[in-house]
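Here are some comments on how the two parts of this chain meet. Please read them with the structure open.

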Amino acid sequence: MAEYSAFALLKNALSGNKDWKPAWRKPAPKPSYDVIIIGGGGHGLSTAYYLAKEHGITNVAVLEKGYLGSGNVGRNTTIVRSNYLLPDSIRFYEHSMKLWENLSHDLNYNVMFSQRGVLNLAHTPGQADDYIRRGNAMRLAGGDAEWLNTAEVGRFVPGLDVSGSARFPVVGGLLQPRAGTARHDAVAWGYARGADRRGVDMIENCEVIGFLREGDRIVGVQTNRGEIRAKKVGVAVAGSTGRVMKLAGIEHLPIESHVLQAFVSESLKPFVDSVVTFGAGHLYMSQSDKGGLVFGGGLDEYNTYAQRGNLPLVEEVMSEICAMFPALSRVRLLRSWGGVMDMSMDGSPIITKGPLPGMYLNSGWCYGGFKATPASGWAFAWTIAKDEPHAINAAYTLDRFSRGILIDEKGQGATPRLH
Amino acid sequence: MVEQVSPLEPVWKPGSHGRILGGAGVTLTETRPGSIVQLAAWPGHEKAMMEAIRSATGLSLADGGGAGVAEATKAAFGFAPGKFLLADQAEGAGAALAGAVGIDIGVVTDLSHGRTAIRISGPKAEWVLAKFFAIDFSIPAFPVGSGLSTAHHDVFAQVQRTGADQFDLYVFRSFARSFWTALCHASEEVGYEVR
Amino acid sequence: MIINCPYCGPRDLVEFTYQGDGNRTRPQPASQDYPAWNAYIYDRLNPAGDHNEIWQHSGGCRSHLAVVRNTLTHEIKSVEFVRDHGHRKSDGHRKTGAAS
Amino acid sequence: MSSSRATAGGLIDRSKTVRFIFDGKPYAGLEGDTLASALLANGVSLMGRSFKYHRPRGVVTAGIDEPNALVTVLKGEVREANIPAPLLEIYDGLTAVSQNRFPSLGFDVGAVNQLGGKVISAGFYYKTFMGPVVGPLKGTRFWMFCEKFIRRAAGLGRVDYAPDPARYERMNAFADVLIVGSGPAGLAAAKAAADRGARVILADLDARFGGTAKWSDETIDGMSGADWADMMVRELSGRDTIRLLNRTTIWGYYDDNTIAALERVTDHKAVAGKGERRHRHWVIRPKKVVIATGAFERPLVFPGNDRPGVMLAAAAERYANEYGVLPGSNVALFTNNDGAYRSALALKKAGAEIAAIVDVRATISEAARALAAEAGGELLLGHAVTSTSGGKQVSGVSVQPFDLASRSVSGSSRSITADCVLMSGGWSPAIHLASQAGAKAIWNDELQAFLPPESRGRWVGAGAFTGTFSTTAAIAEGEAAGLAATGGEDTRSEPRLVVDGALDPRPAPVFEIKASGKAFVDYQLDVTADDVRLAHREGFVSVEHLKRYTTLGMGTDQGRTSNVPGLAIMAEAQGAPIPEVGTTRFRPPFAPVSLGSLAAERYADLKPERLTPMHDWHVEKGAIMYSAGLWYRPMIYGQPGETVEQAYVREAKAVREAVGMVDVSTLGKIMVQGPDAAEFLDRVYTNMFSTLAVNKARYGLMLRDDGVMMDDGTTWRLSETDFLMTTTTANAGKVMQHLEYFLDVVWPDMKVHLTSVTDEWAGTAVGGPKSRDVLAACVTGTAVDNATLPFMGIVKGEIAGVPVMICRLSFSGELAYEVYCGAGHGQHVWDAIRAAGKPFGIVPYGLEALGTLRIEKGHVTGAEIDGRTTARDLQLDGMLSKKKPFIGSAMMDREGLTDDNRIKLVGVISLDNRPLNGGAHIVEQLEPKEPNTSIGHITAVCYSPALGKYIGLALVKGGKKRHGQRAFTADPLRDRFGPVEIVSHHMFDPEGNRMHG
């Protein structure tokens, strides 16, 4: 398929854009594959891409119940960062960041990754020390992080209430300059196109309704488009993990499904350049290239598989955004939507072989999923190809809970709604 | 006895405020009861607790969630299963009740300092309260005498309807000043008088 | 969402705190059954459909409620006090119990 | 200019002139005008510029579906962007400016984008701007460079940083029935429900009730629609069970009929009343909702359909009949349905000439034919408009014969002069709320529209919303709905389709006229029919892919005019029926809603303040207040010229050398009462409490069920069955919920009650070698000597006539006491202790000194108890009873929690006599400074007057094993590196002689 470039755009414009080809084929499922990835979201698609690119495994099918990217990859607030505290997290998300930094070239698809920085505001000296501890951990691990004092924060983000009279005065902020945002749909489409160009079959409207087993072993899947057999089956359906794993007879997992709402304002001329998060509550905000303010807050805090949020959370988020940027009170909320999250018991993901032979599980992303898309697929592909985890996902096991080797960034324990 | 200092003192501004159009929409007062007492019965001993309350205070509570009674100088109501709040302008109700309530019935907790009692009354009282609480304050849904527990964001509150257009609110002392200020803001558009 | 508290009546979601999966069984305090403890603390049923869960009416009477709620529609099927619900589980650790 | 005020008619008050300013130019309008109607009346048709191509645009609609005419309103410093001119009621002094143009609306350099039209087609971003793979612009740099310009060009209105002086509020409401929309159906429903004595709320987003009745030519019960509506409203407004909310948009339909609405209280006023909030955010909880939201007319997609002067037929009718404004003097109509003929006639009656009526259908109903005859002008059946002429104002159209079967034009083209072109592509019911409520819309082939899904019983529909376009039927349906809503049962299952005897509501299935030139589907975001086909070509065929790839329907109008035409064009490209392309699921909000209204009373006051009884004293004494959760606590009581360090060192010294006092009222306090209280505490604490004697206190440790540290504090036994538990300030609420959970859920048979008494007691800690003397000097009714009040003992007495409870315990490591009294007496007792302490040099101290004293002693707080550390990590192994199980005991021994290499509590001493920093890490070598392997971090720091050194507490791998070792502090973010010695966390008086003294 043709390379994308400014030249290609010009050439096609002259022919009235009549010659563009589909970004990916729409093949019918083959009876069998070397690897089946369940879930045509960001992680499933990137897994397929890296299986083909890094491991030469191209006889791969990605099975998607709806349309590609219909899950959380298209329902998030597009933030990409690696500002974590714990070594296992830093290792993984830093790897992801490095992949992000070259992703558009790698995919020949502009995912609009813009490193405009993520600034975490701190509102008490204690919180500042906490953030700085995290920033220091990043720096000592080779990452990037800076501390801005109140005045520097005010200069970095005009419009922010940095007055001492604010209810929760800003005492400083932790900045990760390399962090930023990307065009979420483009990430799914870019990986899909990239995988397609390497021979992977992306099969949409193909819902898995059961697993094929030989004894304990998973040897394929039952779908609404018939049986498809495979040597290895990877599950990357964050948000639906409980439902899909149930089809394999696995009833209990260290995961709860919760809905996270996201919001977009009407389109405005540039108001804020970087991503800003409010430390006296739970709020993160940036502005898209189209001019809409994109923001979100906490979970609705109860189990749900419905992509619908409730009103109290909306009010909470708007209260916080107005506290952070008083000038936004007259700006209007344009759209809201909900995405279903796999909330794990320590707030960290699971990328592992098993739990059944022939099966591989990628789940528990809480709301760290989008920024993890490249590394998640990269590490999952490695785990599937080599039947063992790579160093960056070695800690993301299922048994870490029973062993007490927890990766609890927020220190909330087994209370998923609080991670 | 040394008098309690009100947490509202610096923000207590007697007189008329806001948009007064032919009379204040609401009147705000701090009732400053001498005693605020919480009573908690063990499951199955609720009736005995109600009897103890009657014997110690003369207030007889009807059965049922939120049931309550309000007299000129004292009032009581249920606010949770087996739990009741009693307010008395006189001090020392806690001790009296402690005498009347044996450990076999339940326990008595004196909150005379811990809760601040705010009264909102007037034709717009329901309207103003509706700005804070997701509660149907209409008479059929919330008759005179009855009480309930609710919250406005971080501020936990117990509310008793002590008249057709009169409500007594019990809020945590440490939050009282903030809550009072918010109450005044919310009352501005209908005009309010602080007494 | 509106939850009909058996004591307070129907109240807005904002008054409640979700306390999680009501299907779990806490082992007896003295129990050394490790897998049982692990399951209690970390395993979730997380069904797509009717779910037994525990809510606290934290902004009201503070009772804990056993709620059956559909996780696909958010429709609430039943609400009752946990203590009346027999949610005591297998924890025989009563004040008279010799477990301690 | 062509548009003008009609000589008569309209609901505006011709006696009241209103003066306003648009783009710096003063204009006059009439009371009852919107900005759109007033500008049209002044002959202004150019009102905006489009998002991508910056094309000149006029107003297309007369309501909330407006995609083009968006303006910014200026109120002093404050700008409010993207307001649809048809919704903006004018008032004296209104100042509005157009958007997305530079330098002016008339001449906009951004319009050059039009030249790039085909290059910047849908999805072009994704195909370019990747930049070079190597060199200075590699990685994301080239994209970020280009993006700067893209961002500047993008965006509609501008907001500044000036804070909004307005205030907002939230309002809760309950009702039997909420009726959404006050058109004929809504009014009829309200009346029916009200007559049954129900509590009714009737909401309409317009200033005036009546919906279409306000401007349609129809008469109801022999009176004009407007008069009929006024009569209905009069009948309703008398009753106290009815609440009428105008200027109120119902925007959110949440679970269990929780309905969100925005009331615009003062936007239409030049000056707001005292205390009036700008917006009121209503949260309404009706038993039933009657949805009577009507329908939106659809444009037709044809080349030049975006030229100013081209507008929806019904919009023009509304301007003529409601505002007495003629959008043009010589009007052409282009339609695929009967309804629009009525609009043509309305304009004729209002004084315009009808140049031509162009209908894609070869045959039309007799009723339509009659209307056409009355309206006059040429009737061109089986024809279509293939282009429009004119610059920033339409001057005419070209028409060509159109074949319905092949949906194509052919034959000779001719042009018709017109200064206003009306278009009508059929109607889309406003099903948004029903869709939010949770079901999938149903495509109706006859009406060529999505109809509401079946109700799950929570709502009832009526009128055009259900596809019932005849007013007679709508009123009947409204009455039925009002009854159904109050009767409890939903009388309607299938959406009823009433075919009006006169006019045929069924449009021809024509959405687009294919001819050369840009034909717009989404006006605001400049999505053309070709863009939709390009998306199809590239495989973005599902409705979601279509929207995301082309941005169709993503604008502030939320695709009200573009959704169905877009789907139709995609369906044709696919050769599939429309519903197979998919249906959009609508989510809140139905219409854009101000962030301020949702912040409501929390705007400018996010959270309440929590104040101790001595708060005002602290502030008065110049203490720097420190926010701890919602609380405020004194950090230091600085004296003139003192640095923070000097202040806390002075305060801490005073405690070590003489006596100090500190406000500890914020500590969480929970009464634990009942016959089983002691055993309950045995279960929740890691150590024993049943063995605690009355009038004694004990330090206790609490774990979570997973074995990780949760909180610590002292608990005082006041009687056999009464305990006063204290928690850390931060965890008070969490601990309360934790205990309540176990009592209610796990051990419901235990007879224990819990009550938060944090606010009941004021607490003053008095510490230092002289503390006993101070108490002896002010406490009456009890002795405080070592015998009467030993370490961890409790006595009751009085201070200055106020009952107090005194516990001898120490956080500072000095001889110390905590004095509790009723909160209302807190200041009184505080003053009395200070007076008694004066001779002993008592000093009030703040959190910094408190921290210093505890760090010297190695006591842990929130910084160490961070939700990851275990009791063993914090060197508290001794607190873990082996005699009994307790919460967390079963899980605390897991390998991961007992690993020797975990980070554990130690003390650190700065070896370069420079301050240490909390949040700094500990490394084994300093070179290279970074990256480097962290072996832990510093949790708390101070200058220790007792040791004369800068010290800190830290969590370090190996813990005790490293005592005596040298390491380095690494704080790259603050560029602080230096040598430290790792020591025991008990840095001062490890034997604790001082507090036992």
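How many residues of domain 1 of chain A are in contact with domain 2 of chain A, and with how many there?

1. In this predicted model, 29 residues of domain 1 of chain A touch 34 residues of domain 2 of chain A, contact being heavy atoms within 4.5 Å. Local features need pLDDT of at least 70 and side-chain atom pairs count only at pLDDT 80 or more, while totals for chains, interfaces and linings use all residues. Residues are numbered from 1 along each chain as its sequence is written, and side-chain values use heavy atoms, with hydrogens and water left out.

2. The assignment, which is automatic or from a database, gives domain 1 of chain A as 33-82 + 85-107 + 184-255 + 346-418 and domain 2 as 118-177 + 256-343. Their C-alpha centres lie 27 Å apart.

3. About 2,600 Å² is buried between the two domains of chain A, with carbon and sulfur atoms giving 60% of that area; buried area here is the accessible area (1.4 Å probe) lost by two parts on being put together, summed over both. On the domain 1 side, A:Arg75, A:Leu85 and A:Tyr367 lose the most area to domain 2, together 26% of what that side buries.

4. The rule finds one salt bridge across this interface, where a salt bridge is a side-chain nitrogen of Lys or Arg within 4 Å of a carboxyl oxygen of Asp or Glu. The side chains of A:Arg417 and A:Glu301 form a salt bridge at 3.2 Å, N to O.

Technical notes. Chains are lettered from A and ligands numbered from 1 in the order in which they are written.
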